Amino acid sequence: MLSKLLRKRQPVVTSDLTKRKELAQIEQLPSHIAIIMDGNGRWAKNRSLPRIAGHYEGMQTVRKITRFANDVGIETLTLYAFSTENWKRPKKEVDYLMRLPEEFMGTYLPELIEQNVQVQMMGNIDLLPDHTKRAITKAVEKTSHNDGLILNFALNYGSRDEIIQSVQQIVNKVQLGTISCDDITEELISSHLMTKDLTEPDLLIRTSGEIRLSNFMLWQLAYTEFWFTDTLWPDFDEPCLMDAIESYQKRNRKYGGLKEEDVEEK
Ligand code: IPE
Ligand code: IPE
Ligand code: MG
């Protein structure tokens, strides 16, 4: 708590962040970080601003964190931007959220291209308004030859929706006789998910103090390390990401097994 207050009051000294970054790079970095970007509405409410002001500010955080993650050497950054349940929100807010990809790409696509970032998207794109689809498709196409950070936006994404689609595809193949029931393995299911070309997240971050998954990557997070913070997404910054990475580096990932040093009889 104190460190958080101090961080707020004292501007971060660049060299300190550089030092932390360099130290973190000596150890195993999480290759894939997934973030549930939450708290935009509360950030705005705290300032007596309309909720959409929080979403606009959250977009600036996306820019900042993408740049930094790329700079640190993270390979994949998945950002939960709009869930299949977020359509329940008032039309005005949904309309604004659907304008954000255009706004974001309109402003930042040139710098994403320059930074060698590859934009990808997972979610049900068909149900997005045409202007949103166009902005995303253009960004994906224009960055498809890049081989730096994969910036994967989860937009109109829901894990249950994703699982339903994959089950439908698999059942269809069984009915056609292309595969049999015995061919259904973890790998087969993974290869029918929207993340089929990505690694599983090593680290999941959720901002704003909520401790739940809200229908996010239920299959893929089976062995992911979780990190929660009370910081609201618009306030999330580079030192916060370093906190999460450093915490990850102290974890003991065992995947149900034992570390070599804990095996009693060899
Ligand atoms: C996250 O912020 C952005 C989206 C879900 C689109 P919220 O809009 O959920 O912010 P809070 O949770 O109301 O503060
Ligand atoms: C999850 O946040 C979805 C995104 C961050 C896009 P929500 O704000 O929609 O989640 P709940 O409603 O608090 O579970
Ligand atoms: Mg929320």
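Two strands count as paired if DSSP finds at least two bridges between them, and the labels come from DSSP runs numbered from the N terminus, with helices being H or I runs of at least four residues and strands being E runs of at least two. Before going on, please note that this is a predicted model, in which local features need pLDDT of at least 70 and side-chain atom pairs count only at pLDDT 80 or more, while totals for chains, interfaces and linings use all residues. Residues are numbered from 1 along each chain as its sequence is written, chains are lettered from A and ligands numbered from 1 in the order in which they are written, and side-chain values use heavy atoms, with hydrogens and water left out.

Ala-34 stands opposite Leu-204 in E5, and Ile-36 stands opposite Arg-206 in E5. On the next pairing, E5 and E6 are joined in the parallel sense over four bridges. Here Leu-204 faces Phe-226 in E6, and Arg-206 faces Phe-228 in E6. If you follow these partners across, you are walking through part of an open sheet of six strands, ordered E3-E4-E2-E1-E5-E6 with parallel pairing. Its edge strands are E3 (118-122) and E6, each of which pairs on one side only. From one strand to the next, the twist averages 20°.

Now look at where the side chains go. In E5, Leu-203 and Ile-205 point one way and Leu-204 and Arg-206 the other way, and all are buried; buried means under 20% relative accessible area, exposed means over 50%, and partly exposed lies in between (1.4 Å probe, protein chains only).

The loop between strand E5 (203-206) and strand E6 (225-228) is worth a stop, and Ser-214 lies in it. Most residues other than glycine have a negative phi. Ser-214, however, has a positive phi of about 45° although it is not a glycine. Met-217 sits in the loop between E5 and E6 too, and its phi is also positive, near 45°. Are these residues buried or exposed? Ser-214 is partly exposed, with a relative accessible area of 31%, while Met-217 is buried, at 0%.

Let's move to a pair of helices. The axes of helix H5 (residues 91-114) and helix H6 (residues 130-142) come within 8 Å and cross at roughly 20°. Axes are lines fitted to C-alpha atoms, for helices over the stretch in contact, and angles run from 0 to 180 degrees between N-to-C directions. H5 and H6 are therefore roughly parallel to each other, a term for angles under 35 degrees. Residues of H5 including Met-98, Met-105 and Leu-109 are part of a contact (heavy atoms within 4.5 Å) with a set in H6 that includes Ala-135, Ile-136 and Ala-139.

Our last stop is Gln-115, in the loop between H5 and E3. Leaving out residues up to four places away in sequence, Gln-115 touches Arg-67 and Asn-70.

Note on methods. Parallel < 35°, antiparallel > 145°, perpendicular 65-115°, else oblique.
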